[in-house]
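Here are my notes on the model, in numbered points. Please read them with the structure open.

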Amino acid sequence: MASKAPTDAEGTPALVVSGVSHSFGDRKVLDRVSLTVSQGAFVVLLGLNGAGKSTLFSLITRLYDNVSGEISIRGFDVRRRPSQALQRLGVVFQSRTLDIDLTLMQNLKYHAALHGFSGRTATDLARQALELVGLAERADEKVRALSGGQLRRVEIARSMMHHPDLLLLDEATVGLDLGSRESVMKIVRDLVARDRLGVLWATHLMDEVLPTDQVVILHKGVVLYNGPVPQLLTLTGTSSVREAFRSVTGTKSAIEEAA
Amino acid sequence: MATQAVTTGSESLARGYRESEDAARRRLGVSGYWACFKGIVWREILRYLHQRERFLSALVRPLIWLFIFAAGFRQTLGVSIIPPYETYVLYEEYIAPGLIAMILLFNAMQSSLSMVYDRETGTMRTLLVSPFPRSFLLLSKLLGGVSVALLQAYAFMLVAWFWGIQPPPITEVKLFTFYDPPTWAGDVIAKMTDPIVNPLFSVPEFIQPFAGYITVIPAIILAGLMLGSLALFMSSVIKQLENFAGVMNFVIFPMFFASSALYPLWRIREASPPLYEICRLNPFTYAVELIRFGLYGQVDTVSLAIVVGCTVVFLAAAVFAYNPSKGLIARRGGPGGSA
C-alpha cells in the first residue's frame with residue numbers, strides 16, 4: 001500500500017473542477033467552470049470581486065453541493081466521498097476565522113482535532129506548522145495580540161498542518177501591508193516547492209502573479225483564460241498581467257478601482 | 001523530547017512529507033472521531049471559561065429570580081403537594097428546577113446566537129470543512145454546549161445550596177413515575193408499571209444526602225440536548241444576527257413563562273384552561289419536569305419520552321438544514337454569504 005501511494009500521487013491532480021455551474025435562485029454565479037491544479041502547481045485564480053471565486057471555493061470545500069459538474073481532490077469526488085476529499089484539503093478563507101480569545105496553540109490544536117489528530121501528534125503538528133511560518137515562539141500568546149499579517153500566517157499554518165495535498169487561499173493577502181503580503185506569498189510558494197502541494201490562489205491583485213504561474217481568469221462566472229502566463233501575454237499582445245486581464249475581460253475602469 | 005519531535009517533523013516537511021494512505025484512512029477511524037469530538041467539546045468549554053462576563057451573567061440571571069422573585073412570591077404562591085414533592089415545599093425549592101432549565105435555555109440560545117455569528121463571519125466554515133460527517137460535527141458541538149450548560153447549572157446549584165435550597169436526601173431511585181398522565185392512559189400505565197413503580201434500587205447511605213445532585217445529571221443532559229438541538233435548528237433558520245432580538249421575545253420568554261417552571265400546572269389550569277393546554281404542549285415544561293423529578297431521584301416517564309422525542313425531531317431538522325445539498329443554507333447562498 002505504502003509503495004503504491006507515491007505512484008498514484010504523481011499522477012492524480014490535486015484538484016479537478018470540470019463543468020461546474022451554480023446558481024442562487026435565478027442568478028447564475030458560475031457557468032461551466034473547469035480547471036485543474038496539478039501537484040506542485042501554483043495556480044492563480046484571477047477575478048474581480050463578485051466574479052464567483054468565493055462561490056467556487058464554497059463548492060470545492062463542500063459548504064454546499066455542486067449540482068452540476070464534478071469536483072475532485074486527489075481523485076476523490078467531493079460529493080461522493082467528502083471525507084476523503086476534505087481530509088486532503090487545507091483552506092485559508094477570505095474572512096478571518098481564528099478564535100481571538102484562544103492562544104495560537106489552542107487554535108491549531110482545535111484544527112488538528114477537527115482532522116482527527118489528538119495529544120502529542122496534534123501538539124507536534126501545531127509546533128511544526130508555527131515554526132514554518134516563524135511564529136513558534138508565540139505559540140502560547142492569544143491570537144488577539146497578533147497583527148494582521150501574523151494572523152494570516154497562523155491561518156496558513158493551520159491550513160497546512162495536517163499535510164493536505166491541496167491548499168485553497170481566498171484573497172489571503174487582502175488588507176495586508178506590502179511586507180506582510182510578501183512574507184505570506186513566500187511561505188506559500190516555498191510550500192509548493194517543498195511539499196509539492198497544489199495551490200489555488202484566488203486574488204484580484206495582478207502583481208501577485210509570477211511569470212511561472214498558471215493563471216485562470218474568472219469573470220462573471222465564466223473562465224475566460226486558463227493557461228501559463230507567457231502564453232496569456234502573447235495571446236493578448238500585452239506586456240503585463242494587468243493589461244492582459246483588461247484585454248481579456250474588457251474591464252478598464254473596474255480593475256483600476258479594484259487594484 | 002518535544003524539540004526532537006519537532007526537528008524530525010521539519011525534516012519530513014522539508015523532504016516533501018506525504019501522509020501514507022494507511023495513516024490517512026486511520027485518521028478517519030474511531031480514534032479520529034474521538035479526537036474530533038474531544039476537540040470540539042474542549043473548545044466550547046475553553047471559550048466559555050475565557051468569557052468571564054458570560055459566566056457571571058449566566059449565573060446572576062437565575063440567582064436574581066431565586067433571591068428576589070421567589071422570595072417576593074413565597075407568600076403569594078403556595079405550592080401544594082404534587083409529585084415529586086411529599087411535603088409542602090418553599091416556593092424557592094419549587095422554581096429551582098425551572099431556573100436550571102432556564103440556564104439551559106439561555107445557554108442553548110446563546111450558542112445558537114454564536115453559530116449565527118460564526119456563520120456570518122465565516123468562522124463556521126472551519127468547522128464544516130472537517131472531513132468528518134456534518135451531522136457528527138453538529139452533534140459534537142451540541143454536546144459541547146451541553147457540557148457548558150452543565151457547568152453553569154452546577155455553579156447555580158452550589159450557590160442555591162448555600163442559600164439552603166437543596167434536594168432532600170434520597171434513599172431510593174425510582175425509574176418510573178408519572179406526572180400528570182392523560183386520564184385515559186393513567187389506569188393502563190398504573191397497571192403496566194405496578195411492579196416497577198416501586199424503587200428499583202436503593203442508594204448507599206453515604207451518597208444519600210447529595211444523591212439528587214447526581215441523579216439530576218442525566219435529566220440536565222437530556223433537557224440540554226433538546227433545547228440545544230432546537231437552538232441549532234433555529235440558528236440555521238435565522239438569517240441575520242439582528243433577527244436575534246426576536247428570538248428573545250418569540251422563543252425564550254414564551255417558552256419560559258408558558259411552562260411549569262414558575263407555577264405548577266394545576267394552578268394555571270384554575271386560572272386559564274387554554275393557557276394550561278398551551279403549557280402542556282410546550283416541550284420546555286417537560287424539560288423542567290424531567291429536571292424536577294431528577295433532583296428527587298425519580299424519572300418522570302412522560303417527560304422523558306417527550307424530551308427524547310423532541311430532541312430527535314429538532315436534531316433531524318437541524319441536520320437537514322445544514323445539509324450541503326438539501327438544506328436551507330445551500331438554498332440561501334451558504335454560510336458566510338456568497339460572492
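Two strands pair if DSSP finds at least two bridges between them.

1. The predictor gives the complex an ipTM of 0.86 and a pTM of 0.83.

2. **The four-stranded sheet of chain A.** One open sheet has 4 strands in the order S2-S1-S4-S5 (chain A), and its pairing is antiparallel. Strand S2 (27-37) and strand S5 (76-77) of chain A are at the edges with a single partner strand each, so one side of each has no neighbour in the sheet. Strand S4 (residues 68-73) of chain A meets S5(A) in the antiparallel sense through 2 bridges. Within S5(A), A:Asp77 is the residue opposite A:Ser72.

3. **The six-stranded sheet of chain A.** Another open sheet has 6 strands, ordered S6-S7-S8-S3-S9-S10 (chain A), with mixed pairing. Its edge strands are S6 and strand S10 (222-228) of chain A, and each pairs on one side only. On average, neighbouring strands here are turned by 15 degrees against each other, direction ignored. S6(A) and S7(A) are parallel and share 4 bridges. A:Gly90 has A:Leu167 in S7(A) as its bridge partner.

4. **Helices on that sheet.** H6(A) packs on the sheet and touches S6 and S7 of chain A. The direction of H6(A) makes about 165 degrees with that of S6(A). Helix H9 (residues 241-249) of chain A also packs on the sheet, touching S3, S9 and S10 of chain A. For H9(A), the angle to the direction of S9(A) is about 40 degrees.

5. **Strand S3(A).** How many of the 5 residues of strand S3 (residues 42-46) of chain A are buried? The count is 5 of the 5, so S3(A) is largely enclosed by the rest of the structure. In a regular strand the side chains alternate between the two faces of the sheet. Both faces of S3(A) are covered. A:Phe42, A:Val44 and A:Leu46 are buried on one side, and A:Val43 and A:Leu45 on the other.

6. **Partners of S3(A).** S3(A) runs parallel to strand S8 (residues 198-203) of chain A, joined by 5 bridges. The pairing with strand S9 (residues 214-219) of chain A is also parallel, over 4 bridges. A:Val43 illustrates both contacts: its bridge partner in S8(A) is A:Leu200, and A:Gln214 stands opposite in S9(A).

7. **Helix H6(A).** Check the length of helix H6 (residues 148-160) of chain A. At 1.5 Å a residue, its 13 residues should span 18 Å; the end C-alpha atoms are 19 Å apart, which agrees. H6(A) is mostly covered, with 10 of its 13 residues buried. Among the buried residues are A:Leu151, A:Val154, A:Ile156 and A:Met160, but also A:Arg152, A:Arg153, A:Glu155 and A:Arg158. Their cover includes strand S6 (89-92), helix H4 (104-114), helix H5 (119-132), strand S7 (166-170) and helix H7 (178-195) of chain A.

8. **Chain B overall.** Chain B has 15 helices and 3 strands. Of its 339 residues, 41% count as buried. Take the chain B contacts between residues at least 6 apart in sequence: 81% of them join residues at least 24 apart.

9. **The largest nonpolar core.** This core holds 155 residues. B:Ala101, B:Leu104, B:Leu105, B:Ala223, B:Ala287 and B:Ile291 touch the most other members. Helix H5 (residues 91-121) of chain B supplies the largest share, 16 residues. Beyond four places in sequence, B:Leu104 is in contact with B:Ala149, B:Ile220, B:Ala223, B:Gly224, B:Leu227 and B:Ala287.

10. **B:Val313.** Is B:Val313 buried or partly exposed? B:Val313 is partly exposed, because it has 15 other C-beta atoms within 10 Å, and 20 or more would be needed for a buried residue. B:Val313 belongs to helix H14 (residues 301-322) of chain B.

11. **Confidence in chain B.** The average pLDDT of chain B is 79, and 79% of the residues score at least 70. Among the elements of chain B, helix H13 (residues 283-295) has the highest mean pLDDT (93) and helix H1 (residues 2-14) the lowest (39). Over residues 1-16 of chain B, pLDDT stays under 50. Residues 334-339 of chain B are below 50 as well. Where pLDDT is low, the predicted coordinates should not be read in detail.

Notes
Residues numbered from 1 in each chain as written. Chains lettered and ligands numbered in written order. Predicted model: local features only at pLDDT ≥ 70, side-chain atom pairs only at ≥ 80, totals over all residues. Buried ≥ 20, exposed ≤ 12 C-beta atoms within 10 Å, placed from the backbone. Expected span 1.5 Å × (residues − 1). Contact = placed C-beta atoms within 7 Å. Core = buried A, V, L, I, M, F, W, Y, C linked by C-beta atoms within 7 Å. Axes fitted to C-alpha atoms, helices over the stretch in contact; angles between N-to-C directions. pLDDT = per-residue confidence, 0-100.
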